[in-house]
Amino acid sequence: MTPESQLATNELTVRPCTDRTEWDALVNSQGGHPLQLWGWGQVKAEHHWRTERLLVQDGSRTVGGAQVLYRALPWPLKSLAYLSRGPVCAVEDAERVLGAVARSVQASHGSVALVAEPDWDADSEGERGLAAAGFRRTDSTILIPRTLILDLAQSEDDLMAAMSRTTRANVRKNLKGELVFRKVATDGELEQVLTIYRETAARAGFGIHEDAYYRDIWRFLGEDSPIIAAFDGESVVAFVWIARSAGTAFELYGGVNEAGQKARANYGVKWAAFTAMKADGCTRYDLNGLLNDGISDFKKQFAPHENLLVGTWELPLSPFFSVYASGMPLARRTLQQGRSAAKAAVRRIKGAAGKAKGLVGR
């Protein structure tokens, strides 16, 4: 689709947005998620994705938008389209906006499917809009729907009171100690953060991207991706890395080194992240996913509740969707894993596509 072209879809008009200021203003005015911000799309475009930003309009009024990420797939599948915590719209407009975006993606790109993981509560009007637009739930989750979202509109006293007794004590001890909690401000401090993150990943046994990926987040999101760190003198000992829009802070990464563990700095830096985002005007703080693991147990110490979002939904857009589905689950894991998984998925899908060649034109 060219910047000048438009696609009429059931009284709605879809057009690409090529202006960062216009796009981010939409995301922030509509209460959109930080993973729908322009800068996040730039990051993904540098790392094996193609990014398109679509404005959905009803006459002259913009009712929503969607930053669509495309992952190339082998013939005949073309691509997989993905909405990371999108679309951006009021839940009452969900069905119309999703339908308009889906038709635009199908007409302009011929993608095999559109996968959406909106920032909406489970069993909400938004979920009903997904179903009404023809999407169906899938267990092939990319972003975990079970999470913990703090209400930053509360007072700091109320936020503190919600913590477990031990957590509260550790936070207060940090605040009275010698550690300094502030935002990372220089490239040198960023490199310390990356070193700690590599150490944390090795210790906990989870996979991470190459350093260039994180440097691109720092570069492209800028002030929309603050890193809150605990400093012992000039040394970073713990950090929390956040993406934020006007209303929502979303925790991307965190880590602590040996010195930070001894000082229990991971408690104080979490509190510093909450209060910094509250001071910046955010009203929601999403700790980004709860699993049955030690990291999740740590997160759950900060509030007694859990939140459940709508999860992952998909809409087939191509007659070759069954070919794509036969490459599951590895194919969809290319959304969250790197090139090695992508190459393995391509091999499997090519095999399935070869078997399906005789179906073309039938």
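Let's start with a pair of helices: H3 passes H4 in a right-handed crossing, meaning that the near helix is turned clockwise from the far one by less than a right angle. Helices here are DSSP runs of H or I with at least four residues, strands are E runs of at least two, and both are numbered from the N terminus. You are looking at a predicted model, in which local features need pLDDT of at least 70 and side-chain atom pairs count only at pLDDT 80 or more, while totals for chains, interfaces and linings use all residues. Residues are numbered from 1 along each chain as its sequence is written, and side-chain values use heavy atoms, with hydrogens and water left out.

The axes of H3 (residues 94-109) and H4 (residues 125-132) come within 8 Å and cross at roughly 40°. That angle makes H3 oblique to H4; angles under 35 degrees count as roughly parallel, over 145 as roughly antiparallel, 65 to 115 as roughly perpendicular and the rest as oblique. The axes are lines fitted to C-alpha atoms over the stretch in contact, and angles run from 0 to 180 degrees between N-to-C directions. Where do the two helices touch? On H3, the contact uses Ala94, Glu95 and Leu98, and on H4 it uses Gly126, Gly129, Leu130 and Ala132, with contact meaning heavy atoms within 4.5 Å.

A second pair to find is H6 (residues 165-176) and H10 (residues 265-279), which pack at an angle of about 85° with their axes 8 Å apart. This makes H6 roughly perpendicular to H10. From H6, Thr167, Asn170, Val171, Asn174 and Leu175 meet Ala265, Tyr267, Gly268 and Trp271 of H10.

The largest nonpolar core has 48 residues, of which Ile217, Phe239, Trp241, Leu252 and Tyr253 touch the most other members. Helix H8 (residues 211-221) gives the most to this core, with six residues. Such a core is a set of buried Ala, Val, Leu, Ile, Met, Phe, Trp, Tyr and Cys residues joined through side-chain atoms within 4.5 Å, and buried means under 20% relative accessible area, exposed over 50% and partly exposed in between, using a 1.4 Å probe and protein chains only. Leaving aside neighbours within four places in sequence, Ile217 is in contact with Trp40, Val43, Gly222, Ser225, Trp241, Leu252 and Tyr253. Apart from this core lies another, of 32 residues, including Val237, Val240, Ile242 and Leu287.

Stepping back, the protein has 13 helices and 17 strands, and 54% of its 362 residues count as buried.
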